[in-house]
Amino acid sequence: VASPDDFAALVNASQYDNTICQFYAAGANREGVVLRVIIKPNQADAQVLEVTLACAQIAVQASVEDGWCNQAILAFLRRALHIPQRERNNLRIIS
């Protein structure tokens, strides 16, 4: 479960450091943000472990098999970043 500290860490990183978070134009009238993260699967708790100049390290409980880790990180980021349910499909993994 994402905590207020997780949200604060990600927001502070995106506001003050443009290496962890980059804005981009994705076509006509579409804009986005790329957030660089390193995922640590199979951890005891889902949480932001560390925010460095290059990326955020995030722990998730899910394993890498069958895409569970990808689903877990998307769910964690939706909660941590307070993304409303109606916009949940706007969050994607790009690589």
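Helices (H or I, at least four residues) and strands (E, at least two) are DSSP runs, numbered from the N terminus. This is a predicted model, in which local features need pLDDT of at least 70, side-chain atom pairs count only at pLDDT 80 or more, and totals for chains, interfaces and linings use all residues. Residues are numbered from 1 along each chain as its sequence is written, and side-chain values use heavy atoms, with hydrogens and water left out.

**View 1. Helices and strands of the protein.** The protein has 2 helices and 5 strands. Along the sequence, their order is α-β-β-β-β-β-α.

**View 2. The largest nonpolar core.** A nonpolar core is a set of buried Ala, Val, Leu, Ile, Met, Phe, Trp, Tyr and Cys residues joined through side-chain atoms within 4.5 Å. This core holds 13 residues, and those that touch the most other members are Leu10, Val48, Ile58, Ile73, Phe76 and Leu77. Two or more residues come from each of β5 (56–59) and α2 (68–80). The most come from α2, which gives 6 residues.

**View 3. Surroundings of Ile58.** Leaving aside residues up to four places away in sequence, Ile58 is in contact (heavy atoms within 4.5 Å) with Val37, Ile38, Ile39, Lys40, Gln47, Val48, Leu49, Ile73, Phe76 and Leu77.

**View 4. Cys55 and Cys69.** Cys55 counts as buried because its relative accessibility is 9%. Cys69 also counts as buried, at 8%. The structure holds 0 disulfides (pairs of cysteine sulfur atoms within 2.5 Å).

Conventions
Buried means under 20% relative accessible area, exposed over 50%, partly exposed in between (1.4 Å probe, protein chains only).
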